[in-house]
Amino acid sequence: MKIGIVCYPTFGGSGVVATELGMALADKGHEVHFITYNQPVRLDYLSHKLHFHRVLVEEYPLFQYQPYELALSTKMVEVVKKYDLEVLHVHYAIPHAYAAYMAKQMLKEKGIYVKVVTTLHGTDITLVGSHPTYKTAVEFSINNSDVVTAVSNNLKETTNELFNINKKIQVVYNFIDIEKYSKAEDDECQRGALAQPNERILTHISNFRPVKRVEDVIKVFYEVQKEIPAKLLMIGEGPERKKAELLTKKLGIRNKVFFLGNSTEIDKILCYSDVFLLPSETESFGLAALEAMAAKNAVISTNTGGLPEVNLHGETGFLSNLGDVEDMAKNAISILKDDDILECFKLNAREFTKRFSLQNILPVYEDIYKSCYKSE
Ligand code: GMT
């Protein structure tokens with residue numbers, strides 16, 4: 001098939017999922033066209049099956065805000081026409097689903113028909129999309145997509161609670177290329193570069209936005225390192241990073257915490273790590289936790305949103321109430337204090353990720369594309 005993928009090209013989970021999906025589809029012989037404002041960070045090669053089309057936004061001084069949706073929908077029309085695309089798969093509703101609807105209407109006027117699949121990722125519903133500023137347009141674009149998917153049951157339920165949705169939302173879990181993580185463990189892992197053999201390694205990866213509660217990450221680690229020799233890896237960039245760094249100084253643990261910035265090689269970093277910390281205020285799925293689990297990390301997280309669908313309490317890690325730093329630290333210590341217990345959680349975590357394997361999820365998306373194209 002010929003598929004257009006629209007996403008944010010940054011380090012966020014929705015862009016990562018969209019990019020990994022596009023690359024996997026191209027590997028299977030489909031023709032994939034990414035349409036976005038920068039080449040997606042994980043899109044490390046292009047080929048005759050894998051194309052990238054940049055959306056350029058003309059700056060004009062009259063506009064306080066440059067109209068990205070207009071440029072995006074214009075680019076979608078251009079690419080669909082030029083390459084005969086059959087499906088536009090948009091990741092993150094805002095503004096992608098809305099722009100896709102407009103592109104579809106413009107194409108229809110020219111007798112060209114394209115289907116729109118919208119995948120909801122989380123904050124496009126929970127934090128941003130349901131805000132009165134956007135709600136009407138988001139609801140409209142969800143209801144006017146040909147197929148709507150959500151990355152967890154929780155996100156599906158939340159979408160139905162927050163919006164008046166007249167479409168069936170299909171849950172398609174996020175996925176992971178498990179092979180990639182096994183390979184990193186076999187070939188590249190050089191744990192000794194970061195920690196002494198007797199030290200445990202804890203990791204957090206995010207975009208350091210307030211919803212991630214990175215100060216809770218530091219507070220949990222602070223309690224853990226009092227009991228167990230340990231290091232903390234903080235991966236990512238974002239507005240809360242400075243606060244987190246300041247807190248490590250205040251608590252006297254700056255030398256035990258490494259802020260590594262954004263990375264395109266998290267599989268290689270995660271294979272050093274024992275426990276992944278994700279104390280988010282809300283998380284529709286928690287792709288970073290899944291990636292950590294594939295690299296044999298136990299997960300200490302909150303019980304919010306879709307996290308209980310990814311992290312099994314007492315099996316792959318533990319779930320705590322939002323903000324209950326004490327409980328999270330206690331749980332982390334209970335896993336980290338004993339080699340056998342730690343290994344058991346690590347193996348469970350790796351095992352559970354198999355249900356989210358690329359091999360399982362890719363055919364689901366292929367079926368969706370085929371089914372929506374057959375309808376009408
Ligand atoms: O986590 C973020 O803030 C980025 C955001 C995104 O859309 O890029 O992530 C959301 O989508 C991911 C991929 O589906 C999910 O794994 C994350 O849980 C979700 N984030 C939130 O719901 C806060």
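I looked up the domain centres: the C-alpha centres of domain 1 and domain 2 lie 30 Å apart. The model I am reading is predicted. I noted the bounds next. Domain 1 covers 2–175 + 357–374, and domain 2 covers 178–356.

Then I checked where the domains touch. Domain 1 puts 22 residues into the contact, and domain 2 puts in 19 residues. On the side of domain 1 that touches domain 2, I found α1, α5 (153–162) and α14 (358–374), each with at least two residues. I sorted that side by class: 10 residues are nonpolar, 11 polar and one charged.

Next entry: the ligand. I listed 20 residues around the ligand, and G12, G13, S14, G122 and L287 come nearest. Which helix gives the most to this shell? I found helix α1 (residues 13–27), with four residues. Both domains take part, since I counted at least three shell residues from each of domain 1 and domain 2. By class, the shell has six nonpolar, 12 polar and two charged residues.

Last entry: a helix pair. I looked at helix α7 (residues 214–227) and helix α12 (residues 325–336). Their axes come within 9 Å and cross at roughly 45 degrees. I therefore wrote down α7 as oblique to α12. The crossing of α7 past α12 is right-handed. From α7, the contact uses D216, K219, V220, E223, V224 and E227. From α12, I noted V325, M328, A329, A332, I333 and L336. How do these contact residues divide by class? I got eight nonpolar, four charged and no polar.

Definitions and conventions:
Residues numbered from 1 in each chain as written. Predicted model: local features only at pLDDT ≥ 70, side-chain atom pairs only at ≥ 80, totals over all residues. Near = placed C-beta within 6 Å. Nonpolar A, V, L, I, M, F, W, Y, C, P; charged D, E, K, R; others polar. Domains from an automatic or database assignment. Axes fitted to C-alpha atoms, helices over the stretch in contact; angles between N-to-C directions. Parallel < 35°, antiparallel > 145°, perpendicular 65-115°, else oblique. Left-handed = near helix turned anticlockwise from the far one by under 90°. Contact = placed C-beta atoms within 7 Å.
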